[in-house]
Amino acid sequence: MNDRFALSRRRFLAGLGAVSATALAACGSTAESSSNGSGAAASVVKFDKLAASDGNFAYNAANDGVQYHHSDMLSPNYYVFAGKKDLDGAAEVVGKLGLAQSIEDYVGQVTVVNPSEGDAYTSTDADKFVELAAAAGPANNVKVIGIDDGADFVLGALAPKLYFVAGIMTFGGSKADAAGIPFVPAYLCGAPQAAIDAVIAANGAKEVGDGVYENPDDTLRRVVVASDADVTTAFANCWEKVFSKNYRQHNETTEFYMANIAEVTDPYLLYTIPDFSQFDYVENYSASVKGLDGAFTWFEYVPTRLKDASAGTVPLIVTLHGNQNDARVQAESSGWLELACEEDIIVFAPEWQDAVYESGSDEPQPNFYGCDGLQNDRLITWLDTMFEKYPQIDTHRVYVTGLSAGSSASELYGVKYADTFAAVGGVSGPGIDKEEIATLAADWGGANVPFTYICGDHDFFGMIPVDLSSPYAFPTGEGTTIAKTDPRVPMFSIIQSYQKINGLPVSDNYDLSLNPWYGVKFDKTSDIMLGCKSAQENVLNGASGTPIMKFVAVKDLAHWNWKPEAAYLWEFFKGFTR
(Lines give C-alpha, C1' and ligand atoms only; values in the text may rest on other atoms or scores of the structure.)
Protein backbone atom coordinates (compact mmCIF):
# COMPACT_ATOMS: atom_id res chain seq x y z
CA MET A 1 0.00 0.00 0.00
CA ASN A 2 1.41 3.41 -0.95
CA ASP A 3 2.07 5.97 1.72
CA ARG A 4 -0.11 8.75 0.26
CA PHE A 5 -3.84 8.89 0.53
CA ALA A 6 -5.93 8.59 -2.62
CA LEU A 7 -8.70 11.11 -3.20
CA SER A 8 -9.50 11.38 -6.88
CA ARG A 9 -12.72 13.30 -6.25
CA ARG A 10 -10.76 16.44 -5.57
CA ARG A 11 -9.35 16.81 -9.08
CA PHE A 12 -9.80 20.40 -10.17
CA LEU A 13 -9.48 21.89 -13.61
CA ALA A 14 -5.89 21.89 -14.77
CA GLY A 15 -4.46 25.18 -15.96
CA LEU A 16 -1.01 26.42 -15.13
CA GLY A 17 1.25 29.26 -16.08
CA ALA A 18 1.64 32.95 -15.67
CA VAL A 19 -1.16 35.48 -15.35
CA SER A 20 -2.78 36.22 -18.69
CA ALA A 21 -2.27 39.83 -19.72
CA THR A 22 -5.11 39.87 -22.24
CA ALA A 23 -6.85 43.21 -22.08
CA LEU A 24 -10.58 43.77 -21.90
CA ALA A 25 -10.70 44.82 -25.54
CA ALA A 26 -9.38 41.45 -26.64
CA CYS A 27 -12.49 39.78 -25.27
CA GLY A 28 -14.80 41.74 -27.55
CA SER A 29 -14.93 42.99 -31.09
CA THR A 30 -16.97 45.47 -33.05
CA ALA A 31 -17.82 48.72 -31.32
CA GLU A 32 -21.34 49.86 -32.14
CA SER A 33 -23.69 52.60 -31.12
CA SER A 34 -26.70 51.06 -29.42
CA SER A 35 -29.14 51.62 -26.64
CA ASN A 36 -27.94 51.07 -23.09
CA GLY A 37 -30.07 50.22 -20.08
CA SER A 38 -31.25 53.81 -19.66
CA GLY A 39 -32.24 54.27 -23.28
CA ALA A 40 -29.33 56.59 -24.05
CA ALA A 41 -26.77 55.97 -26.80
CA ALA A 42 -23.53 54.33 -25.72
CA SER A 43 -20.50 52.72 -27.30
CA VAL A 44 -20.90 48.98 -26.92
CA VAL A 45 -18.25 46.36 -27.48
CA LYS A 46 -19.93 43.09 -28.38
CA PHE A 47 -18.57 40.01 -26.67
CA ASP A 48 -17.83 37.96 -29.76
CA LYS A 49 -16.75 34.71 -28.08
CA LEU A 50 -20.19 33.29 -27.37
CA ALA A 51 -21.29 30.09 -29.04
CA ALA A 52 -24.68 28.37 -29.27
CA SER A 53 -25.27 25.87 -26.46
CA ASP A 54 -28.59 24.00 -26.07
CA GLY A 55 -30.66 27.01 -27.04
CA ASN A 56 -28.50 29.41 -25.04
CA PHE A 57 -25.20 31.20 -25.76
CA ALA A 58 -22.12 30.46 -23.68
CA TYR A 59 -18.38 30.98 -23.30
CA ASN A 60 -15.88 29.27 -20.97
CA ALA A 61 -12.45 30.89 -20.69
CA ALA A 62 -10.88 27.64 -19.45
CA ASN A 63 -11.83 25.91 -22.71
CA ASP A 64 -10.34 28.83 -24.59
CA GLY A 65 -6.89 28.29 -23.06
CA VAL A 66 -6.92 31.31 -20.72
CA GLN A 67 -4.37 30.66 -18.00
CA TYR A 68 -5.20 30.38 -14.31
CA HIS A 69 -3.30 32.26 -11.66
CA HIS A 70 -5.82 31.57 -8.89
CA SER A 71 -7.85 28.54 -7.88
CA ASP A 72 -10.75 27.68 -10.17
CA MET A 73 -12.99 27.77 -7.06
CA LEU A 74 -12.90 31.54 -7.51
CA SER A 75 -13.84 31.42 -11.21
CA PRO A 76 -17.18 33.20 -11.67
CA ASN A 77 -19.89 31.33 -13.57
CA TYR A 78 -22.34 33.95 -14.82
CA TYR A 79 -25.91 33.18 -15.88
CA VAL A 80 -27.57 36.12 -17.59
CA PHE A 81 -31.34 36.33 -17.97
CA ALA A 82 -32.17 39.18 -20.35
CA GLY A 83 -35.08 37.86 -22.40
CA LYS A 84 -34.99 35.96 -25.66
CA LYS A 85 -31.81 36.70 -27.63
CA ASP A 86 -30.13 35.65 -30.83
CA LEU A 87 -26.34 35.44 -30.98
CA ASP A 88 -25.91 39.15 -31.76
CA GLY A 89 -28.30 40.13 -28.99
CA ALA A 90 -26.55 37.91 -26.46
CA ALA A 91 -23.15 39.27 -27.50
CA GLU A 92 -24.45 42.81 -27.08
CA VAL A 93 -25.83 42.11 -23.58
CA VAL A 94 -22.56 40.62 -22.37
CA GLY A 95 -20.68 43.51 -23.95
CA LYS A 96 -22.89 46.08 -22.25
CA LEU A 97 -22.45 44.38 -18.90
CA GLY A 98 -18.67 44.46 -19.22
CA LEU A 99 -18.23 40.89 -17.95
CA ALA A 100 -15.13 40.26 -20.05
CA GLN A 101 -12.58 41.49 -17.52
CA SER A 102 -13.68 39.33 -14.62
CA ILE A 103 -14.06 36.33 -16.95
CA GLU A 104 -10.51 36.91 -18.17
CA ASP A 105 -8.91 37.62 -14.80
CA TYR A 106 -10.52 34.68 -12.99
CA VAL A 107 -10.95 32.26 -15.93
CA GLY A 108 -14.70 32.43 -15.71
CA GLN A 109 -17.64 31.56 -17.92
CA VAL A 110 -20.92 33.10 -18.99
CA THR A 111 -24.22 31.73 -20.28
CA VAL A 112 -26.92 33.97 -21.71
CA VAL A 113 -30.04 31.95 -20.93
CA ASN A 114 -33.03 32.09 -23.25
CA PRO A 115 -36.57 31.20 -22.21
CA SER A 116 -37.05 27.50 -22.89
CA GLU A 117 -40.49 28.00 -24.42
CA GLY A 118 -41.72 31.13 -26.15
CA ASP A 119 -40.52 34.63 -25.37
CA ALA A 120 -41.01 34.73 -21.58
CA TYR A 121 -39.39 32.94 -18.66
CA THR A 122 -41.60 30.60 -16.64
CA SER A 123 -41.29 28.38 -13.60
CA THR A 124 -40.03 25.65 -15.94
CA ASP A 125 -36.98 27.82 -16.60
CA ALA A 126 -36.27 27.94 -12.86
CA ASP A 127 -36.02 24.14 -12.77
CA LYS A 128 -33.96 24.12 -15.95
CA PHE A 129 -31.55 26.62 -14.39
CA VAL A 130 -30.81 24.19 -11.56
CA GLU A 131 -30.23 21.43 -14.12
CA LEU A 132 -27.97 23.71 -16.16
CA ALA A 133 -25.93 24.77 -13.14
CA ALA A 134 -25.67 21.19 -11.87
CA ALA A 135 -24.34 20.03 -15.24
CA ALA A 136 -21.51 22.58 -14.88
CA GLY A 137 -20.17 20.75 -11.80
CA PRO A 138 -19.76 21.78 -8.15
CA ALA A 139 -21.23 25.13 -7.19
CA ASN A 140 -18.48 27.52 -6.15
CA ASN A 141 -19.01 30.97 -7.58
CA VAL A 142 -22.31 31.05 -9.44
CA LYS A 143 -23.51 34.58 -10.19
CA VAL A 144 -26.93 35.39 -11.64
CA ILE A 145 -27.82 38.57 -13.54
CA GLY A 146 -31.36 39.57 -14.48
CA ILE A 147 -32.23 42.48 -16.75
CA ASP A 148 -35.75 43.93 -17.11
CA ASP A 149 -38.06 40.92 -17.65
CA GLY A 150 -35.10 38.76 -16.63
CA ALA A 151 -34.91 40.71 -13.39
CA ASP A 152 -38.55 39.88 -12.69
CA PHE A 153 -37.74 36.22 -13.34
CA VAL A 154 -34.71 36.22 -11.01
CA LEU A 155 -36.68 37.92 -8.23
CA GLY A 156 -39.78 35.89 -9.01
CA ALA A 157 -39.87 32.28 -10.19
CA LEU A 158 -36.13 31.77 -9.75
CA ALA A 159 -35.91 33.28 -6.24
CA PRO A 160 -36.40 30.04 -4.23
CA LYS A 161 -33.73 28.29 -6.35
CA LEU A 162 -30.92 30.69 -5.40
CA TYR A 163 -29.71 28.64 -2.40
CA PHE A 164 -26.37 27.81 -4.08
CA VAL A 165 -25.88 31.14 -5.88
CA ALA A 166 -23.04 33.36 -4.65
CA GLY A 167 -24.60 36.63 -5.78
CA ILE A 168 -27.33 38.21 -7.89
CA MET A 169 -27.57 41.47 -9.79
CA THR A 170 -30.88 42.75 -11.10
CA PHE A 171 -31.44 45.76 -13.33
CA GLY A 172 -35.01 46.96 -13.78
CA GLY A 173 -38.06 44.77 -13.36
CA SER A 174 -41.44 45.87 -12.18
CA LYS A 175 -43.50 43.17 -10.50
CA ALA A 176 -41.45 40.56 -8.61
CA ASP A 177 -41.65 40.23 -4.82
CA ALA A 178 -38.82 37.69 -4.26
CA ALA A 179 -41.15 35.37 -2.37
CA GLY A 180 -39.32 32.39 -0.88
CA ILE A 181 -35.87 33.76 -1.59
CA PRO A 182 -33.04 32.37 0.61
CA PHE A 183 -30.15 34.50 1.77
CA VAL A 184 -28.04 35.58 -1.21
CA PRO A 185 -25.78 38.62 -1.66
CA ALA A 186 -27.52 41.02 -4.02
CA TYR A 187 -27.12 44.19 -6.03
CA LEU A 188 -30.60 45.49 -6.85
CA CYS A 189 -30.93 48.35 -9.30
CA GLY A 190 -34.44 49.70 -9.77
CA ALA A 191 -36.06 46.64 -8.20
CA PRO A 192 -39.64 46.73 -6.84
CA GLN A 193 -39.76 47.65 -3.16
CA ALA A 194 -41.42 44.38 -2.20
CA ALA A 195 -38.50 42.44 -3.71
CA ILE A 196 -35.97 44.71 -2.03
CA ASP A 197 -37.63 44.19 1.35
CA ALA A 198 -37.71 40.40 0.87
CA VAL A 199 -34.03 40.17 -0.12
CA ILE A 200 -32.93 42.34 2.81
CA ALA A 201 -35.01 40.24 5.21
CA ALA A 202 -33.68 36.95 3.81
CA ASN A 203 -30.12 38.13 4.41
CA GLY A 204 -30.92 39.33 7.94
CA ALA A 205 -29.34 42.60 6.85
CA LYS A 206 -29.36 46.00 8.52
CA GLU A 207 -28.59 49.31 6.87
CA VAL A 208 -24.93 50.30 7.32
CA GLY A 209 -24.77 53.08 4.78
CA ASP A 210 -26.70 54.77 2.02
CA GLY A 211 -28.39 51.90 0.23
CA VAL A 212 -26.05 49.27 1.73
CA TYR A 213 -27.33 46.55 4.06
CA GLU A 214 -25.31 43.85 5.84
CA ASN A 215 -25.95 41.00 8.23
CA PRO A 216 -24.14 41.95 11.47
CA ASP A 217 -22.96 38.36 11.98
CA ASP A 218 -21.92 37.73 8.36
CA THR A 219 -21.07 40.83 6.36
CA LEU A 220 -20.94 38.78 3.15
CA ARG A 221 -24.73 38.65 3.39
CA ARG A 222 -24.83 42.02 1.73
CA VAL A 223 -27.54 43.85 -0.20
CA VAL A 224 -26.91 47.02 -2.17
CA VAL A 225 -29.90 48.99 -3.40
CA ALA A 226 -28.94 51.25 -6.31
CA SER A 227 -30.31 53.40 -9.11
CA ASP A 228 -27.58 53.27 -11.74
CA ALA A 229 -28.44 54.74 -15.12
CA ASP A 230 -27.28 51.80 -17.24
CA VAL A 231 -26.26 48.16 -16.94
CA THR A 232 -22.60 48.90 -17.60
CA THR A 233 -22.39 51.14 -14.56
CA ALA A 234 -24.54 48.76 -12.54
CA PHE A 235 -22.29 45.77 -13.18
CA ALA A 236 -19.11 47.75 -12.45
CA ASN A 237 -20.56 48.83 -9.11
CA CYS A 238 -21.95 45.37 -8.43
CA TRP A 239 -18.54 43.79 -9.02
CA GLU A 240 -16.85 46.23 -6.66
CA LYS A 241 -19.44 46.06 -3.89
CA VAL A 242 -20.83 42.52 -4.07
CA PHE A 243 -19.61 40.04 -6.69
CA SER A 244 -15.87 40.33 -6.00
CA LYS A 245 -16.29 39.66 -2.29
CA ASN A 246 -17.41 36.04 -2.04
CA TYR A 247 -17.93 32.58 -3.41
CA ARG A 248 -20.26 29.92 -2.01
CA GLN A 249 -20.00 26.20 -1.23
CA HIS A 250 -21.73 23.42 0.64
CA ASN A 251 -19.28 21.67 3.00
CA GLU A 252 -21.66 20.76 5.78
CA THR A 253 -23.26 17.33 5.34
CA THR A 254 -21.14 16.50 2.32
CA GLU A 255 -18.24 18.08 0.47
CA PHE A 256 -18.79 20.70 -2.24
CA TYR A 257 -17.06 18.53 -4.82
CA MET A 258 -19.53 15.71 -4.11
CA ALA A 259 -22.66 17.84 -3.66
CA ASN A 260 -25.13 17.66 -6.54
CA ILE A 261 -26.82 21.06 -6.69
CA ALA A 262 -30.19 19.53 -7.49
CA GLU A 263 -30.03 17.15 -4.52
CA VAL A 264 -28.20 19.11 -1.81
CA THR A 265 -30.44 22.08 -1.11
CA ASP A 266 -29.35 22.92 2.43
CA PRO A 267 -27.78 26.37 2.82
CA TYR A 268 -24.52 26.88 0.98
CA LEU A 269 -22.32 29.06 3.17
CA LEU A 270 -20.50 32.13 1.93
CA TYR A 271 -16.71 32.34 1.83
CA THR A 272 -14.54 35.40 1.36
CA ILE A 273 -12.47 35.85 -1.77
CA PRO A 274 -9.05 37.02 -0.56
CA ASP A 275 -8.07 40.55 -1.54
CA PHE A 276 -5.02 39.74 -3.63
CA SER A 277 -4.23 43.44 -4.06
CA GLN A 278 -2.92 43.37 -0.47
CA PHE A 279 -0.21 40.85 -1.35
CA ASP A 280 3.03 40.62 -3.20
CA TYR A 281 1.92 37.36 -4.78
CA VAL A 282 4.67 35.31 -6.43
CA GLU A 283 3.97 32.27 -8.58
CA ASN A 284 6.76 29.79 -9.18
CA TYR A 285 6.10 27.12 -11.78
CA SER A 286 8.64 24.34 -12.35
CA ALA A 287 11.31 26.58 -10.85
CA SER A 288 14.75 25.61 -9.65
CA VAL A 289 15.74 25.57 -5.98
CA LYS A 290 19.32 26.06 -4.89
CA GLY A 291 20.72 22.78 -3.60
CA LEU A 292 18.08 20.60 -5.26
CA ASP A 293 17.84 18.78 -8.54
CA GLY A 294 14.48 19.07 -10.24
CA ALA A 295 11.75 21.58 -11.04
CA PHE A 296 9.39 22.73 -8.31
CA THR A 297 6.17 24.74 -7.96
CA TRP A 298 5.12 26.93 -5.06
CA PHE A 299 3.26 30.13 -4.24
CA GLU A 300 4.35 33.00 -2.01
CA TYR A 301 1.81 35.30 -0.32
CA VAL A 302 3.56 38.23 1.34
CA PRO A 303 1.34 41.04 2.62
CA THR A 304 2.63 44.12 0.82
CA ARG A 305 3.10 46.07 4.02
CA LEU A 306 5.54 43.38 5.21
CA LYS A 307 7.78 43.64 2.16
CA ASP A 308 10.35 45.76 4.01
CA ALA A 309 9.70 44.54 7.55
CA SER A 310 12.68 44.26 9.86
CA ALA A 311 14.73 41.07 9.71
CA GLY A 312 13.46 38.20 11.83
CA THR A 313 10.11 39.78 12.74
CA VAL A 314 7.44 38.04 10.63
CA PRO A 315 6.04 34.54 11.33
CA LEU A 316 5.61 32.07 8.48
CA ILE A 317 2.84 29.59 7.76
CA VAL A 318 3.59 26.67 5.44
CA THR A 319 0.29 25.14 4.33
CA LEU A 320 0.13 21.78 2.54
CA HIS A 321 -2.68 20.81 0.17
CA GLY A 322 -4.67 17.58 0.08
CA ASN A 323 -3.96 14.68 -2.25
CA GLN A 324 -4.06 15.74 -5.92
CA ASN A 325 -5.06 19.28 -5.00
CA ASP A 326 -3.89 22.54 -6.46
CA ALA A 327 -1.65 24.29 -3.91
CA ARG A 328 -3.45 27.56 -4.71
CA VAL A 329 -6.71 25.95 -3.57
CA GLN A 330 -5.19 25.29 -0.17
CA ALA A 331 -3.89 28.82 0.26
CA GLU A 332 -7.08 30.47 -0.94
CA SER A 333 -9.64 28.25 0.82
CA SER A 334 -7.94 27.74 4.20
CA GLY A 335 -8.46 31.22 5.65
CA TRP A 336 -4.73 31.87 5.99
CA LEU A 337 -4.64 34.67 3.41
CA GLU A 338 -7.33 36.71 5.14
CA LEU A 339 -5.56 36.12 8.47
CA ALA A 340 -2.16 37.01 7.01
CA CYS A 341 -3.33 40.57 6.38
CA GLU A 342 -4.89 40.87 9.83
CA GLU A 343 -2.01 39.34 11.81
CA ASP A 344 1.03 40.21 9.65
CA ILE A 345 1.94 36.68 8.57
CA ILE A 346 3.67 35.38 5.44
CA VAL A 347 2.09 32.29 3.83
CA PHE A 348 3.75 29.77 1.51
CA ALA A 349 1.87 27.04 -0.36
CA PRO A 350 4.17 24.47 -1.99
CA GLU A 351 3.44 21.60 -4.32
CA TRP A 352 4.80 19.15 -1.80
CA GLN A 353 3.66 15.84 -3.32
CA ASP A 354 6.19 13.99 -5.40
CA ALA A 355 3.51 11.73 -6.79
CA VAL A 356 -0.20 11.12 -6.26
CA TYR A 357 -2.35 8.02 -6.39
CA GLU A 358 -5.81 7.52 -7.83
CA SER A 359 -8.38 5.65 -5.75
CA GLY A 360 -7.82 1.90 -5.96
CA SER A 361 -4.38 2.23 -7.53
CA ASP A 362 -0.86 2.02 -6.15
CA GLU A 363 0.66 3.30 -9.38
CA PRO A 364 2.22 6.75 -8.89
CA GLN A 365 0.95 9.53 -11.11
CA PRO A 366 2.10 13.12 -11.67
CA ASN A 367 1.10 15.68 -9.09
CA PHE A 368 -1.22 18.53 -9.99
CA TYR A 369 1.54 20.55 -11.68
CA GLY A 370 3.48 17.69 -13.23
CA CYS A 371 6.62 18.81 -11.39
CA ASP A 372 8.88 17.46 -8.67
CA GLY A 373 7.47 17.61 -5.15
CA LEU A 374 8.92 19.57 -2.24
CA GLN A 375 8.67 16.53 -0.02
CA ASN A 376 10.62 15.56 3.10
CA ASP A 377 14.19 16.97 3.13
CA ARG A 378 13.53 18.94 -0.05
CA LEU A 379 10.93 20.97 1.85
CA ILE A 380 13.57 22.03 4.35
CA THR A 381 16.15 22.89 1.66
CA TRP A 382 13.51 24.95 -0.12
CA LEU A 383 12.65 26.73 3.13
CA ASP A 384 16.30 27.66 3.60
CA THR A 385 16.22 29.42 0.22
CA MET A 386 13.02 31.20 1.24
CA PHE A 387 14.65 32.41 4.44
CA GLU A 388 17.42 33.92 2.31
CA LYS A 389 14.91 35.57 -0.01
CA TYR A 390 12.80 36.92 2.85
CA PRO A 391 15.08 37.91 5.75
CA GLN A 392 12.04 39.39 7.50
CA ILE A 393 10.87 35.84 8.33
CA ASP A 394 11.36 34.91 11.97
CA THR A 395 12.87 31.43 11.63
CA HIS A 396 11.90 30.72 15.24
CA ARG A 397 8.21 31.13 14.33
CA VAL A 398 7.65 28.82 11.36
CA TYR A 399 4.52 26.67 11.53
CA VAL A 400 3.26 23.83 9.34
CA THR A 401 -0.35 22.89 8.68
CA GLY A 402 -2.41 21.26 5.97
CA LEU A 403 -5.58 19.57 4.81
CA SER A 404 -6.21 15.83 4.49
CA ALA A 405 -3.03 14.23 3.09
CA GLY A 406 -1.37 17.61 3.71
CA SER A 407 -2.52 17.39 7.32
CA SER A 408 -0.91 13.98 7.68
CA ALA A 409 2.28 15.25 6.05
CA SER A 410 2.37 18.28 8.36
CA GLU A 411 2.02 15.96 11.37
CA LEU A 412 5.00 13.96 10.11
CA TYR A 413 7.15 16.97 9.23
CA GLY A 414 6.45 18.62 12.57
CA VAL A 415 8.13 15.65 14.23
CA LYS A 416 10.72 14.86 11.58
CA TYR A 417 11.88 18.48 11.40
CA ALA A 418 11.09 19.62 14.93
CA ASP A 419 14.05 22.00 14.85
CA THR A 420 12.36 23.90 11.99
CA PHE A 421 8.67 23.98 12.91
CA ALA A 422 7.51 25.56 16.15
CA ALA A 423 4.05 23.93 16.10
CA VAL A 424 1.83 21.74 13.94
CA GLY A 425 -1.83 22.00 12.92
CA GLY A 426 -3.71 19.19 11.21
CA VAL A 427 -7.10 19.60 9.49
CA SER A 428 -9.10 16.51 8.50
CA GLY A 429 -5.98 14.39 8.45
CA PRO A 430 -6.19 10.61 8.08
CA GLY A 431 -3.43 8.51 9.57
CA ILE A 432 -1.38 8.11 6.41
CA ASP A 433 2.01 8.75 8.02
CA LYS A 434 1.24 7.30 11.44
CA GLU A 435 3.78 4.46 11.23
CA GLU A 436 6.69 6.77 10.46
CA ILE A 437 5.55 9.18 13.17
CA ALA A 438 5.34 6.29 15.66
CA THR A 439 8.88 5.17 14.75
CA LEU A 440 10.23 8.66 15.36
CA ALA A 441 8.27 8.97 18.63
CA ALA A 442 9.49 5.61 19.99
CA ASP A 443 13.00 6.91 20.70
CA TRP A 444 12.11 10.57 21.06
CA GLY A 445 14.75 12.68 22.68
CA GLY A 446 13.89 16.04 21.19
CA ALA A 447 11.86 19.03 22.27
CA ASN A 448 8.10 19.07 22.63
CA VAL A 449 6.09 19.46 19.42
CA PRO A 450 2.90 21.45 20.11
CA PHE A 451 0.06 19.93 18.10
CA THR A 452 -3.57 20.75 17.36
CA TYR A 453 -5.95 18.73 15.24
CA ILE A 454 -9.36 19.66 13.79
CA CYS A 455 -11.88 17.34 12.16
CA GLY A 456 -15.52 17.62 11.13
CA ASP A 457 -18.21 15.21 12.28
CA HIS A 458 -19.37 14.68 8.65
CA ASP A 459 -15.91 13.90 7.24
CA PHE A 460 -16.39 11.14 4.64
CA PHE A 461 -13.22 9.35 5.78
CA GLY A 462 -14.64 9.02 9.29
CA MET A 463 -11.50 9.68 11.38
CA ILE A 464 -13.76 10.67 14.28
CA PRO A 465 -15.06 9.09 16.40
CA VAL A 466 -11.71 7.29 16.61
CA ASP A 467 -13.47 3.91 16.94
CA LEU A 468 -14.41 4.41 13.24
CA SER A 469 -18.13 4.34 13.96
CA SER A 470 -19.01 7.49 12.01
CA PRO A 471 -22.27 7.03 10.10
CA TYR A 472 -21.01 9.52 7.52
CA ALA A 473 -17.89 7.62 6.43
CA PHE A 474 -17.92 6.68 2.75
CA PRO A 475 -19.51 3.22 2.28
CA THR A 476 -17.24 0.63 0.65
CA GLY A 477 -19.51 -2.40 0.92
CA GLU A 478 -22.43 -3.88 2.73
CA GLY A 479 -22.24 -2.70 6.33
CA THR A 480 -18.73 -1.30 6.10
CA THR A 481 -16.99 2.01 5.31
CA ILE A 482 -13.68 3.35 4.12
CA ALA A 483 -12.77 4.10 7.74
CA LYS A 484 -12.88 0.39 8.53
CA THR A 485 -11.43 -1.00 5.31
CA ASP A 486 -8.58 1.35 4.47
CA PRO A 487 -5.72 1.06 7.01
CA ARG A 488 -4.56 4.58 6.18
CA VAL A 489 -7.65 6.23 7.69
CA PRO A 490 -7.44 5.53 11.47
CA MET A 491 -5.44 8.23 13.24
CA PHE A 492 -5.56 7.31 16.94
CA SER A 493 -1.93 6.16 16.98
CA ILE A 494 -0.96 9.72 15.98
CA ILE A 495 -2.51 10.91 19.23
CA GLN A 496 -0.44 8.32 21.09
CA SER A 497 2.77 9.34 19.30
CA TYR A 498 2.28 13.02 20.08
CA GLN A 499 1.48 12.20 23.69
CA LYS A 500 4.86 10.47 23.93
CA ILE A 501 6.69 13.26 22.09
CA ASN A 502 5.20 15.84 24.45
CA GLY A 503 6.03 13.90 27.61
CA LEU A 504 2.43 13.03 28.46
CA PRO A 505 0.94 9.74 29.65
CA VAL A 506 0.28 7.61 26.57
CA SER A 507 -3.23 6.20 26.22
CA ASP A 508 -3.19 2.41 25.83
CA ASN A 509 -6.29 2.55 23.62
CA TYR A 510 -9.24 4.77 22.92
CA ASP A 511 -12.19 4.83 25.28
CA LEU A 512 -15.19 6.79 24.04
CA SER A 513 -16.57 6.97 27.57
CA LEU A 514 -13.70 9.40 28.25
CA ASN A 515 -14.41 11.49 25.16
CA PRO A 516 -16.96 10.71 22.43
CA TRP A 517 -14.72 11.89 19.58
CA TYR A 518 -11.09 11.21 20.48
CA GLY A 519 -11.37 8.60 23.24
CA VAL A 520 -8.83 10.26 25.54
CA LYS A 521 -9.12 11.73 29.04
CA PHE A 522 -8.51 15.43 28.50
CA ASP A 523 -7.51 18.06 31.02
CA LYS A 524 -10.26 20.34 29.76
CA THR A 525 -13.23 20.03 27.41
CA SER A 526 -15.24 23.03 26.23
CA ASP A 527 -17.99 23.86 23.78
CA ILE A 528 -16.79 26.60 21.44
CA MET A 529 -17.78 28.27 18.18
CA LEU A 530 -15.67 28.23 15.02
CA GLY A 531 -17.30 30.92 12.97
CA CYS A 532 -20.97 29.91 12.87
CA LYS A 533 -20.25 26.24 13.59
CA SER A 534 -20.46 24.58 16.99
CA ALA A 535 -17.40 22.61 18.07
CA GLN A 536 -15.96 20.69 21.00
CA GLU A 537 -12.44 21.68 22.08
CA ASN A 538 -10.35 19.19 24.06
CA VAL A 539 -7.07 20.14 25.72
CA LEU A 540 -4.03 18.26 27.00
CA ASN A 541 -1.69 20.36 29.13
CA GLY A 542 2.07 20.06 29.08
CA ALA A 543 4.47 19.99 32.01
CA SER A 544 4.01 23.74 32.52
CA GLY A 545 0.26 23.32 32.94
CA THR A 546 -0.52 25.11 29.68
CA PRO A 547 -2.02 23.51 26.56
CA ILE A 548 0.44 21.53 24.45
CA MET A 549 -2.13 19.56 22.44
CA LYS A 550 -5.68 20.38 21.34
CA PHE A 551 -8.23 18.26 19.53
CA VAL A 552 -11.38 19.79 18.05
CA ALA A 553 -14.51 18.16 16.65
CA VAL A 554 -16.62 20.47 14.48
CA LYS A 555 -20.35 19.94 14.00
CA ASP A 556 -21.70 19.97 10.44
CA LEU A 557 -18.35 20.03 8.70
CA ALA A 558 -17.29 17.65 5.96
CA HIS A 559 -13.83 16.88 4.53
CA TRP A 560 -12.74 20.37 3.59
CA ASN A 561 -11.28 23.61 4.93
CA TRP A 562 -13.40 25.86 7.12
CA LYS A 563 -11.83 29.32 7.07
CA PRO A 564 -12.33 30.10 10.79
CA GLU A 565 -10.00 27.17 11.51
CA ALA A 566 -7.04 29.33 10.50
CA ALA A 567 -7.74 31.84 13.27
CA TYR A 568 -8.11 29.00 15.77
CA LEU A 569 -4.81 27.43 14.70
CA TRP A 570 -3.06 30.79 14.84
CA GLU A 571 -4.19 31.42 18.42
CA PHE A 572 -2.55 28.11 19.29
CA PHE A 573 0.55 28.57 17.15
CA LYS A 574 1.51 32.03 18.33
CA GLY A 575 2.10 30.76 21.84
CA PHE A 576 5.13 28.76 20.63
CA THR A 577 8.56 29.52 19.21
CA ARG A 578 11.39 27.22 18.29
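## The largest pocket

The largest pocket is lined by 28 residues, and Asp218, Leu220, Leu270, Thr272 and Pro564 are the ones that lie nearest its centre. Two or more lining residues come from each of strand S12 (218–226), strand S14 (269–272), helix H8 (336–343) and helix H14 (564–573). S12 gives the largest share of this lining, five residues. The space in the pocket is about 680 Å³. The model described here is predicted.

## The cavity

There is one cavity of 30 Å³ or more. The volume of the largest cavity is about 50 Å³. Its lining includes Thr319, Gln330, Ser334 and Trp336, together with Thr401, Gly402 and Val427. Asn561, Trp562, Glu565, Ala566 and Leu569 also line the largest cavity.

Strand S19 and helix H14 each supply at least two residues of this lining. The largest share, three residues, comes from H14. H14 is also among the elements that give two or more residues to the lining of the largest pocket.

## Strand S19 and its partners

Strand S19 covers residues 393–403, and eight of its eleven residues are buried, so the strand is largely enclosed by the rest of the structure. Strand S17 (residues 314–320) runs parallel to S19, and six bridges join the two. Within this pairing, Leu316 stands opposite Val398 of S19.

Strand S20 (residues 423–427) also runs parallel to S19, joined to it by five bridges. Here Tyr399 has Ala423 in S20 as its bridge partner. S19, helix H10 (residues 405–416) and S20 together make a β-α-β unit, which is right-handed.

Strand S9 (residues 186–189) is covered on both faces. Ala186 and Leu188 are buried on one side, while Tyr187 and Cys189 are buried on the other.

Strand S8 (residues 167–171) runs parallel to S9 and is joined to it by four bridges. Four bridges also join S9 to S12, and these strands run parallel as well. Tyr187 takes part in both pairings: it is the bridge partner of Met169, and it stands opposite Val224 in S12.

## Nonpolar cores

In soluble globular proteins, nonpolar side chains tend to be buried together. In this model the largest nonpolar core has 114 residues. Tyr301, Trp336, Trp382, Phe421 and Tyr518 have the most contacts inside this core.

Which residues is Trp382 in contact with, leaving aside its neighbours within four places in sequence? They are Val289, Leu292, Trp298, Val318, Phe348, Pro350 and Leu374. Another residue of the largest core, Trp336, is also part of the lining of the largest cavity.

## Backbone details in loops

Ile464 and Pro465 are joined by a cis peptide bond, with omega about -5 degrees. Pro465 is placed in the loop between strand S21 (451–456) and strand S22 (475–477).

Ser404 is in the loop between S19 and H10, and Asp556 is in the loop between strand S26 (547–554) and H14. Is Ser404 buried or exposed? Its relative accessible area is 1%, and because buried means under 20%, Ser404 counts as buried. Asp556, at 29% relative accessibility, counts as partly exposed.

Conventions: Residues numbered from 1 in each chain as written. Predicted model: local features only at pLDDT ≥ 70, side-chain atom pairs only at ≥ 80, totals over all residues. Heavy atoms only, no water. Buried < 20%, exposed > 50% of the residue type's maximum accessible area, 1.4 Å probe, protein only. Pairing = 2+ DSSP bridges. Right-handed = clockwise from strand over helix to strand, strands pointing away. Core = buried A, V, L, I, M, F, W, Y, C linked by side-chain atoms within 4.5 Å. Contact = heavy atoms within 4.5 Å. 1 Å grid on protein atoms, 1.4 Å probe; cavity = no way out; pocket = protein on both sides within 12 Å on 5 of 7 lines; lining within 4 Å. Points joined across faces, edges and corners; volume = space filled by probe spheres on them.
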